[in-house]
Amino acid sequence: MDCIFCKIVSGEIPAKLLKETDHSISFLDAFPLAKGHVLVIPKNHHQKIQDLNENENSDLFSLVHTMISKVDSISGSTLLAVHNGKDAGQEVSHVHVHLVPRSADDSAGAIHSMFDGTLKLSDSEIEEMYNKLKI
């Protein structure tokens, strides 16, 4: 497998490791969007979050919880982002959580700025999505 994150986990590619747990690691992003941009990844290769087992998922988000406090100390606000699949913007097909320090003048904007506009759904479309997604 030619996965850059798997190579970081194995030590084949060096990284600025910040913290390691049983199932996850965190490190500085090699191509940061802001000073202090951190990635948190599971050690095992999985493309999507739903592919993680319960222990890996708990461990990953526990480490996210730990690291976000550190990242938040940089600017006071942190963007937490997961691109879950190629069509969602995932560039490396290994689960990874971005923790990006944010500031009012970074020009990144809110999540709604990523899309052309607000989606207008009919009542029946809303009901269809509600029924499809409720548990």
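View 1. A patch, as the word is used here, is made of residues with over 30% relative accessible area and no salt bridge, and nonpolar side chains are joined into one within 5 Å. In this predicted model, L119, L121, I126, M129 and L133 form such a nonpolar patch on the surface, and together they have about 500 Å² of accessible area. One of these residues, I126, belongs to helix α3, which covers residues 123–133. I126 has a relative accessibility of 45% and therefore counts as partly exposed.

**View 2. Strand β3 and its covered residues.** Strand β3, made up of residues 38–42, is mostly covered, with five of its five residues buried. In a regular strand, the side chains alternate between the two faces of the sheet. In β3, the residues V38, V40 and P42 point one way, whereas L39 and I41 point the other way, and all of them are buried.

**View 3. The strands that pair with β3.** Strand β2, which holds residues 24–28, pairs with β3 in the antiparallel sense over five bridges, and within this pairing L28 has V38 of β3 as its bridge partner. Strand β5, residues 97–101, also runs antiparallel to β3, and three bridges join the two strands. Here L39 stands opposite H98 of β5.

**View 4. The buried histidine H37 in the loop between β2 and β3.** H37 is found in the loop that lies between β2 and β3, and because its relative accessible area is 2%, H37 is buried. A polar atom of the H37 side chain lies 3.0 Å from the backbone nitrogen of L33. When neighbours within four places in sequence are left aside, the residues in contact with H37 include F27, L28, D29, F31 and P32, and also H98, L99, V100 and P101.

View 5. V95 is found in the loop between β4 (78–81) and β5, and with a relative accessibility of 2% V95 counts as buried. Apart from neighbours within four places in sequence, V95 is in contact with several residues, among them I41 and P42, both of which are buried residues of β3. Further contacts of V95 include H46, Q47, K48, I49, L60 and Q90. The C-alpha atom of V95 is separated by 31 Å from that of E125, a residue 30 places away along the chain.

**View 6. Salt bridges of the model.** The count comes to three salt bridges. In one of them, K43 is joined to E20, with the closest N and O atoms 2.7 Å apart. This pair links distant parts of the chain, since K43 sits in the loop between β3 and α2 (54–75) while E20 is in strand β1 (residues 17–20), 23 residues apart. Another salt bridge brings together the side chains of D2 and K7, at 2.6 Å from N to O, and D2 counts as exposed because its relative accessibility is 69%. The side chains of R102 and D106 also meet in a salt bridge, at 2.5 Å from N to O. Within this pair, R102 is buried, because its relative accessible area is 18%, whereas D106, with a relative accessible area of 27%, is partly exposed.

Technical notes
Residues are numbered from 1 along each chain as its sequence is written. This is a predicted model: local features need pLDDT of at least 70, side-chain atom pairs count only at pLDDT 80 or more; totals for chains, interfaces and linings use all residues. Side-chain values use heavy atoms; hydrogens and water are left out. Patches are made of residues with over 30% relative accessible area and no salt bridge: like charges are joined within 9 Å, nonpolar side chains (Val, Leu, Ile, Met, Phe, Trp, Tyr) within 5 Å. Accessible areas come from the Shrake-Rupley method with a 1.4 Å probe; for residues, only the protein chains shown count as cover. A salt bridge is a side-chain nitrogen of Lys or Arg within 4 Å of a carboxyl oxygen of Asp or Glu. Helices (H or I, at least four residues) and strands (E, at least two) are DSSP runs, numbered from the N terminus. Buried means under 20% relative accessible area, exposed over 50%, partly exposed in between (1.4 Å probe, protein chains only). Two strands pair if DSSP finds at least two bridges between them. A polar contact is a pair of N or O atoms within 3.5 Å; within protein, one must be able to donate a hydrogen and the other to accept it, and residues adjacent in sequence count only if both atoms are side-chain atoms. Contact means heavy atoms within 4.5 Å.
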